[in-house]
Structure formats: structure tokens, C-alpha cells
Amino acid sequence: MTISNDIRYAGVNDRLIDLFEGQYKVPNGMSYNSYVILDRKTAVMDTVDARFTHEWLDNLEKALGGRKPDYLVVQHMEPDHSANILNFMKVYPETVVVSSKKAFDMMQNFFGADFADRRLVVGEGDTLELGEHTLHFIAAPMVHWPEVLMTYDSKDRVLFSADGFGKFGTPDTQEPWADEARRYYIGIVGKYGVQVQNVLKKAANLDIAAIAPLHGPVLTENLGYYLNLYDIWSSYRAEEEGVVIAYTSVYGHTRAAVQKLADKLGAKGCPRVVIYDLARCDMSAAVADAFRYSRLVLATTTYNAEIFPFMRTFLETLAEHGFKKRTVGLIENGSWAPMAAKGMQAVLANCKDLTICKNIVHIKSALNEESGAQLEALADELCAEYEAQRGETANKNDLTALFNIGYGLYVVTSNDGVKDNGLIVNTVSQLTSQPNRVAVTINKANYSHHVIQKTGIMNVNCLSVEAPFSVFEAFGFRSGRSVDKFKDCTPLRSDNGLVFLPRYINSFLSLKVEQYIDMDTHGMFICTVTEARVISKAETMTYTYYQNHVKPRPQTEGKKGFVCKICGYIYEGDELPEDFICPLCKHGAADFEPIA
Ligand code: FEO
């Protein structure tokens, strides 16, 4: 096989192998790739597995066309590629072995020889001139052993990628590349995502026409597709939306629950549901799909007060391979002392950035009404996004979406001619930049609205995350008509004579009203900026930050009624009147939620 005018394939296919690396089923065999580069000097790229010595040496002889190899480049010392180094050197004793320092140490360990008199030690950034072809060496530690080098031929723009971009199955197998490449990648290199990312960064600087790995086909077209998949796999992002359900079942009750869940997920719009019976499936396929899809459900039986053995193996394999950044649902079964959910969570604690679904299904022997409802709740939780994305299932009138608009929080200061005033708003936005125009919307019920309408000026104080709840109490929940909000502080003044806050702000803007828009309950002031100062580098207080970190949790325990999401005011009663206005913050009934 010819890769380019000067590069020939000399690898071998292994169709008899039962388990690759002693553990992975390879129904379509395996290839051990080797290449020959013909130039003024000749180079052989890697050897092959021990069982193919003569077939490979025959291939080499043919590819060399009667020439002698000047260099043997050893990119990787795992025996599927290095086993024939010694045999090769017996046939071609004049050849110089080119490899990394670590690889020569390994040769000494494997063969009792490190070719000290015929070797060239290379590392990151080193080059080797063959004539028109120059080989550039790229260190690729842990992809998949520490000594690994990749090699870039800058003439033909071929990246010899060692184990990277390899796959199970011989190159002539008619099958999609991704499935067996994924199972290979997750199984062999999956743990070393950071190291793969490092190599991808180096590859991004290369002009690559072909990728020549040590297993599987040479990749020559649409390279972005393969590089993108490697980027996804090595950064542990989900490749596709969907749910993998991995289960074990002794008498079929857990299996029945799994099937029921799969039906529910399908009905709720889950784009793909894949089920694995861990006692019977190829475990490496289940592991690869757990990495492939965005969500994973684990269903298993309690066994010896622990997890059923196949599930334990599955979870430990996931953890060993760096499984992370996924949503995981749990179903446990136990007839008298269910322990599986706890056991599974203990193993999953070794995986980073998992979101464990809050609805855990506890089956006592067989599904009943209670565990059936838990299964329904788990399906809802797993499919909430899918349901919201689909026109048929979405709630199209969910006004809580408005809470997801990003707001900052501000104190707007003004002066009625007698005293300074201030109120909290979240409705400040920049409208244009040339000139700078800023809109501030204020509830007409607030005294500040009245004052600003009369005076035409205001200061917007941008609160920083340092602002405590007392600032919100001081400016938020009472009227400046009846209270002097600056009574206890010595305010600072901007050029327009208005106050700006001496603490807890990162900047302020002095605004002059140019236009007013009446919006029934509120008025919008459209303003130009007359002064703008940055006070500190502290981050701006957002509405979300306020909700999560500043606002005290309302004391709802033992109370029945509704709580204001803005200020925490509690309305006790069975029904909240539609026209209810919060006496503290003046927000309406829409901003209340029932006490859970
Ligand atoms: Fe294909 Fe890591 O050896």
C-alpha cells in the first residue's frame, strides 16, 4: 500500500487474536502498522507484534525495493510495535535506531540491548533529515506510554501518530471508524485526556494531509472529523445526547425496571437510549458508550451488603479511565437491606464533576407504586431538557425563564432638594455606545421615580459582590419619602451634586435624563452619561449571586404559605391573592413561590 510517492505501508493484519492487550475483544482483528519512507536515506517506522516477524520482514523487503534501511524509528515500546526490534537489527545490523531516551531504557529491559553504538536519541523538537523529507519528533508522553514519540514528515505532511488515532479492526474492515476507534481510545488512552490535549495543541500548528497511526486505517480525508472526536474524547465532553442504562439483574425485577425506564425516557423525548446487561455484554462497549452519551443510569442489585460484582467492575473501570462530567441516575434493588445505591455512590466519588440525579429509585424486590413513582421522577429529571427542547412537550409559558436573564444590582441615588435618596434596582442597561445611552427602569410606586422625574438626574452605583445584605435592607425595602436612607453615613458626592456610595460599589455613573417612556407600572428613563468612575476591581453583584450568596434563607420551617423570591418575605395562608404586593420589596404575586 502506498501512502504517498515515498511512503509505503509495511504493516500486518492479525485476524486470529482473541483479546487485544489481554482484555479487549476484537471481532474484526487488529493491525500492527509499520511504514517505510524512501528518500536519499530510508527510514522504517516501528516494528510489529512478535507473531508476525517474517510476514513483516517480507513486507519490508518489498517496500524497500532492494534498498537497506538507514533508520529504524521506534515511536512506542509496547510489544505490539516493538517486539521485532531485535529481529530487525539481526537482518539489518547497520541500521541506526532512532528513539527517545526512555524508549532506549525500555529496550534494555525488554531485550538486554539498547544499541548504544547504533542509536540516535531524539526528543521534542528534534529533526532528522532523510533528503527531501525531514522528520520532526513530537513528544507524546502517556499516549499511551511515557516514552512515546509522534513523528511529522513535513514534505508529505504526514503525522505518524503512534497509538493515537488507532482503532480496533484491520484497516480493510468495512465499518464506521468512530465506534471501534472510540472503544479503543477509551480503553487504551482514556485516562490520559490531559496528555492527549497537549498533543492536539501541538498538532494544531501542523499542516497535516494524512494521519498514519500504528493501528487501523491511514486517515487521509476530512481530518477535522477525527481531530474533533479526539478533542471531545480527551476533554471528557459528551459526544451525543442520550442515556446509557447499565444494569445487572438476578431474577429479572431490576431488568423490568430498566425496561420501564427506557420506555419512559423514549416517551419523554430522550434522543437515544442504550441498554447494557453488564453480566452479558462486552464491558468495554458499555464503558465506551458511557463516555459517548451525556447521561448514565446505573441499576443494580444489593449483593453481600454491597454492589453486584459486574456493576462494581463496571464502575471501577469507569473511574480508572477518568469518567467525569456526566449526569448519573441510580436505581437500587434490595429485598431486605438495600445498599447498592450507597455502594455505587462510594465508587463514583472517585469520578470528578458528576451530577447525581436527586431522584434515586429504591426497589424492594420488585417495582411497586412507590418505586414506580420514583422511576417516573427520575425519568422526568433526566429528560427535563429534552422535554423543554421539543415543541410537543415543552411548557411554552414558563415565565421563570425571565429569572435567567442576567441582571446586575444597583443602588440608584437621587436628591429631592432636601435629602438624599437611594433605591435598589436590577433594571439598568446600556442601550448605545455612541453616544453612551443608559436605560434605568423604576417602579412608579417608588419615591425615587417621582424625584428623578422632577430633577432629571441620578447616579447609578454598581454594587460589587462585597455588598452585604444590610445594603439591600437599607435601600431596598423601605421608602425614601419617610426614611432618610443616608442618615448614618457620610456620603461622597459626584460632580452633579448627588451622592455615590462610599463602600460596596465597583463603579458609578452619573446620568442625565434625555427621554422618558411611560410603561404603566414603571417608567423608563433614557439617559446620557455625564460622569463615570471605576472605584474598585471587585466583581459586579449579579442577581444570581445575590440569590445564592447574600440573601438569607427565609425561615420557612413549619410554615405554610408562600415566600417572596426577591426578599424572602413569607405570606402565611393557603392561597396568595393574585394582586398581592410584597410589603417589603413591593414585588407582585408572580415573584412568590409556595413553601415546599
Ligand atoms: Fe498499540 Fe500502546 O500499543
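Please keep in mind that the model is predicted.

Let us begin with the cores. The largest nonpolar core has 93 residues. Phe20, Leu60, Leu296, Leu298, Phe314 and Leu315 are the residues with the most contacts inside this core. Helix 5 provides the largest share of the core, 7 residues. Another core lies apart from the largest one and has 32 residues, including Ile424, Val471, Cys564 and Cys585.

Which residues does Leu296 touch, leaving aside its neighbours within four places in sequence? Its contacts are Val244, Ala246, Ala290, Phe314, Leu318, Phe323, Thr327, Val328 and Gly329. One of these, Phe314, is also on the list of residues with the most contacts inside the core.

Next, turn to helix 4, which covers residues 101-111. Its buried residues are Ala103, Phe104, Met106 and Met107. Looking down the axis of helix 4, you would see these buried residues fall within an arc of 160°, so they line one face of the helix. What covers the buried residues of helix 4? Helix 3 (85-91), strand 9 (96-99) and strand 10 (119-121) are among the elements that do.

How many cavities of 30 Å³ or more does a search of the whole structure find? There are 2. Helix 6 (193-203) and helix 7 (223-234) each supply at least two residues of its lining, and helix 6 gives the most, with 4 residues. Among the lining residues are Val143, Met150, Phe165, Val196, Leu200 and Tyr230. By class, the lining of this largest cavity has 10 nonpolar residues, 1 polar residue and no charged ones.

The second largest cavity holds about 30 Å³ of space. Its lining is formed by Arg182, Ile186, Trp233, Arg237, Glu239, Phe291, Arg292 and Arg326. Helix 5 (177-188) and helix 9 (283-292) are the elements that give two or more residues to this lining. Here the classes divide into 3 nonpolar, no polar and 5 charged residues. Charged residues, then, are present in the lining of the second largest cavity, whereas the lining of the largest cavity has none.

Technical notes
Residues numbered from 1 in each chain as written. Predicted model: local features only at pLDDT ≥ 70, side-chain atom pairs only at ≥ 80, totals over all residues. Heavy atoms only, no water. 1 Å grid on protein atoms, 1.4 Å probe; cavity = no way out; pocket = protein on both sides within 12 Å on 5 of 7 lines; lining within 4 Å. Points joined across faces, edges and corners; volume = space filled by probe spheres on them. Nonpolar A, V, L, I, M, F, W, Y, C, P; charged D, E, K, R; others polar. Core = buried A, V, L, I, M, F, W, Y, C linked by side-chain atoms within 4.5 Å. Buried < 20%, exposed > 50% of the residue type's maximum accessible area, 1.4 Å probe, protein only. Contact = heavy atoms within 4.5 Å. Arc of directions from axis to C-beta.
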